[in-house]
Amino acid sequence: MVKVAIAILDTSGRVVLWSPAAEEMLGWPSEVLVGRRIGQLIPDPELVGQAERAIRETLRQGSWHGVTRLKDRDGVNVPIEVRISLLVDGDGTPFLQVTLADARTVAAVERDLAVRDALFEQSPLGIAILDTDLRYTAVNRTLAEMNGVALEDHVGRTTGETLPERAADEITAIQRQVLATGEPVIDVTLAAPVTASSGFRSISYSRMTDRAGRVLGISGTVMDVTERYRAVSKVEHARRRLSLLNEFGSRVGDLLDASRIAQELAGAVVPRLADYSAVILLQAVAHGDDLPRHGHDRRTSLLQLGTASVQDGPEVEAMLRRGARITFSEESAFGRVLRTGIPELLSGKDELADLSYPGDPKVQAAQDLGVHSRLVVPLRARGIVIGLLVVSRAGYREGFDRDDLAFAVELADRAGSSLDNARLYARERTAALTLQRTLLPQQVPQPPGSRSPTGTCPAAAAPRSAATGST
């Protein structure tokens, strides 16, 4: 606080009035100074000349402002900031009103204000001051830009009157809690209001009180933490996906049945990666036959052996019937991925419709389910595409991105190795069973002494000789 004292001088510099605040500031009582020239309080003759020039300028210009030194009652020189204004009474007599303030205190206040302005106006943080009614009394430009609302549209209004309802309700609840309890709230992350750029904000609020403990309101800071939030989310996202890869590997590591592996793969990605999934395999993989040596075309026999979805219904059954034979045209997404081995991310009505072949009821069922994004990923073994992993997202869920595609490819590659192992096991098992069958006798031999027509043993029908014991 800056204490201000008032003195009234006549045009010759003689003290007419000396206020109690001036007495407190310099120690001189009014009965000592009234009627004396103000120059008697100035220790330096050069400063006396300055005072005389200031009086003349005030009489000519109407005001003067500067810094000088006055002597207090103990003889100590005190730097004083002086403002002189010309006054005229009702009779037209001029007087000089002299406003005195401790220059050291004024300098400290100005320094504090400069620091405040630097922090408030130049800060990369959004700063807000609110009164006890939770109305903005001041905000800086950074916060105004964050909120997408002009500076002048903040002052005098509440958060609820400047931000969308959903965002404002959450922030207002925090403000009320801080104002009521005095407990600060630090680094609470919230989604940015829709009026501003998308992202995430960290908000902090604390209660303001004066030296007497009277509550003045609350102060708040807002920091854009979008990059930090996304970095943390990305790490957590990667951790969850690594966990999914490890979980899938442990579940299929000991499986030697292609159908079960296909079902495990389809179930692993729903709902964590997709809303619907299908695993489509070459018939040769499902039956344990040799992999084809030629490229795939529309005559390639495919079976849908693994399916999973977040819901049931006739549309889901039409799109994901397990065991269905899959038909495709060579220029469709299925045909391209089978032929090239390059995964595809499909979005948009035209791309989603070009999945398998024109008029495919599975495509119509997907449209009815609201599918808006799809990945078609090759399942590979020994450099040969042995099937497809098809995953879809629907409704309000965000569409797939390139990170999702890369993860699906890694998952499909792991599944491809397991599927090839299952195919080899089925082939070897079939070969072993075939070998066993070839080693078995093709005809059952007839035992000696048997007679087919009657089924009677000759030895049992002939009489035994009593003398020789022969038949």
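**The largest pocket**

The residues that line the largest pocket divide into 12 charged, six nonpolar and four polar. Bear in mind throughout that this is a predicted model. The space in this largest pocket comes to about 800 Å³. To find its centre, select His237, Arg240, Arg241, Asp401 and Asp404, which are the closest to that centre among the 22 residues of the lining.

**Helices α8 and α15**

Next, select residues 226-252, which form helix α8, together with residues 402-439, which form helix α15; their axes come within 10 Å and cross at roughly 15 degrees. Because angles under 35 degrees count as roughly parallel, α8 is described as roughly parallel to α15. The crossing in which α8 passes α15 is right-handed. To see the contact itself, show the side of α8 made up of His237, Arg241, Leu244, Leu245, Asn246, Phe248 and Val252, which meet Asp403, Asp404, Phe407, Glu410, Leu411, Arg414, Ala415 and Ser418 in α15. Sorted by class, this contact of α8 with α15 holds seven nonpolar, five charged and three polar residues.

**Helices α8 and α9**

By class, the contact of α8 with α9 consists of six nonpolar and two charged residues, with no polar ones.

**The second largest pocket**

For the last stop, turn to the second largest pocket, in which about 390 Å³ of space lies. Select Ala167, Ile171, Ala191, Ala192 and Pro193, the closest to its centre of the 23 residues that line this second largest pocket. Which elements each supply at least two residues of this lining? They are α5 (141-147), α7 (165-181), β8 (185-191), β9 (200-209) and β10 (215-224), and α7 gives the most, with five residues. Colouring the lining of the second largest pocket by class will show 15 nonpolar, five polar and three charged residues.

Methods. Residues numbered from 1 in each chain as written. Predicted model: local features only at pLDDT ≥ 70, side-chain atom pairs only at ≥ 80, totals over all residues. Heavy atoms only, no water. Axes fitted to C-alpha atoms, helices over the stretch in contact; angles between N-to-C directions. Helix = DSSP H or I, 4+ residues; strand = E, 2+ residues; numbered from the N terminus. Parallel < 35°, antiparallel > 145°, perpendicular 65-115°, else oblique. Left-handed = near helix turned anticlockwise from the far one by under 90°. Contact = heavy atoms within 4.5 Å. Nonpolar A, V, L, I, M, F, W, Y, C, P; charged D, E, K, R; others polar. 1 Å grid on protein atoms, 1.4 Å probe; cavity = no way out; pocket = protein on both sides within 12 Å on 5 of 7 lines; lining within 4 Å. Points joined across faces, edges and corners; volume = space filled by probe spheres on them.
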